[in-house]
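I set out to record what I looked up in this structure. The entries follow in the order in which I made them.

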Amino acid sequence: MPKIVIIGEGGQLAQSLRRLHWPAGSELSFHGRRSLGDGGGPDHLSDLLRAEEAHLVLNAAAFTGVDRAEADRAAAHALNAALPAALASACRERDIPLVHISTDYVFDGARRQPYAETAAPNPLNVYGATKLAGDRAVDSAAPRRWAILRTSWLVSELGDTFPVKILRRAQAGEALRVVDDQQGCPTAASDLARAMQQVGLLLLDEDKAAGGLFNFCGSTAMTWHGFAERLLDAAQAAGLKRTPLQAIKSAELKAAARRPAYSILSCALIRERCGITHAEIDSEIERMVRSILVRP
């Protein structure tokens, strides 16, 4: 009976992992601030994994506040760099496979063709830099019983996410302003959770092809404005009155952190080596919209 330890318990990815159908006999154990506390070092985590009798670790925890990270580098580093390093060390000590999540924000967006796993990173902001530090820590601390899934623009109906914000404002009749000069691939949290699960189970079966760095993101490239349009189209089809949507430039937001203008990822490697494909984003959008609109 595999015991699967999931680090992170309240975020959209952890919640999506909880909702998946797991092989018979699997047991999930979620750990967040309450159980990790301030003792997230290798010794503490090794003790935790020993006590849990863990067979597989999935790291769904991250500091994802891109703008907040500019002002709180220490907090971003703790979750995005120090925690993965400690997890990788603890997993190596106990010979437990680890799946960790990375981000398209490790790139600067200067190119105009999809980034492969071999592309050189050059983050523009603290969030991207700390995530890259975490990737490198996993790579250097763990043997090849690890996988890093680099993803982009994670979205869901869970929590205070982009789709929820857009649709709540649309329900209130507010006009919307969304940037149209950043290109990426929105990724449903449910789809990333499924890929994370599949890679983890392959590693658990000692499938060496599933180890290493992989890109995994949504099926369709678009701007945030284009994504908002698709959300509103689906909401209108579900009966919500259309609200005005204006395209703006990133500079107009005066955000604390710079974002890459282009961060489309090539996902060929994970398909070829692990047989993992992504879901169609339009069907995921329809599902998210239905879920958000029925909630009070």
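This is a predicted model: local features need pLDDT of at least 70, side-chain atom pairs count only at pLDDT 80 or more; totals for chains, interfaces and linings use all residues.

**Entry: burial in α8.** I next looked up which residues of α8 are buried. Among them are Ala 189, Asp 191, Leu 192, Ala 193 and Ala 195. I also listed Met 196, Gln 197, Val 199, Gly 200 and Leu 203 as buried.

Entry: I then followed the chain into the loop between α8 and β10 (212–215), where Glu 206 lies. I found that Glu 206 has a phi near 60°, a positive value in a residue other than glycine.

**Entry: another positive phi.** I recorded a positive phi of about 55° for Asp 95, which is not a glycine. Asp 95 is placed in the loop between α5 (73–94) and β4 (98–103).

**Entry: α9 and α11.** I looked up how helix α9 (residues 224–237) meets helix α11 (residues 281–294): their axes come within 9 Å and cross at roughly 60°. I therefore described α9 as oblique to α11. The crossing is right-handed. From α9, I listed Phe 227, Arg 230, Leu 231, Ala 234 and Ala 235 as meeting Ile 281, Asp 282, Ile 285, Val 289 and Leu 293 in α11. I counted the residues of this contact as eight nonpolar, no polar and two charged.

Methods
Residues are numbered from 1 along each chain as its sequence is written. Side-chain values use heavy atoms; hydrogens and water are left out. Axes are lines fitted to C-alpha atoms, for helices over the stretch in contact, and angles run from 0 to 180 degrees between N-to-C directions. Helices (H or I, at least four residues) and strands (E, at least two) are DSSP runs, numbered from the N terminus. Angles under 35 degrees count as roughly parallel, over 145 as roughly antiparallel, 65 to 115 as roughly perpendicular and the rest as oblique. A crossing is left-handed if the near helix is turned anticlockwise from the far one by less than a right angle, and right-handed if clockwise. Contact means heavy atoms within 4.5 Å. Ala, Val, Leu, Ile, Met, Phe, Trp, Tyr, Cys and Pro count as nonpolar, Asp, Glu, Lys and Arg as charged, and the others, Gly among them, as polar. Buried means under 20% relative accessible area, exposed over 50%, partly exposed in between (1.4 Å probe, protein chains only).
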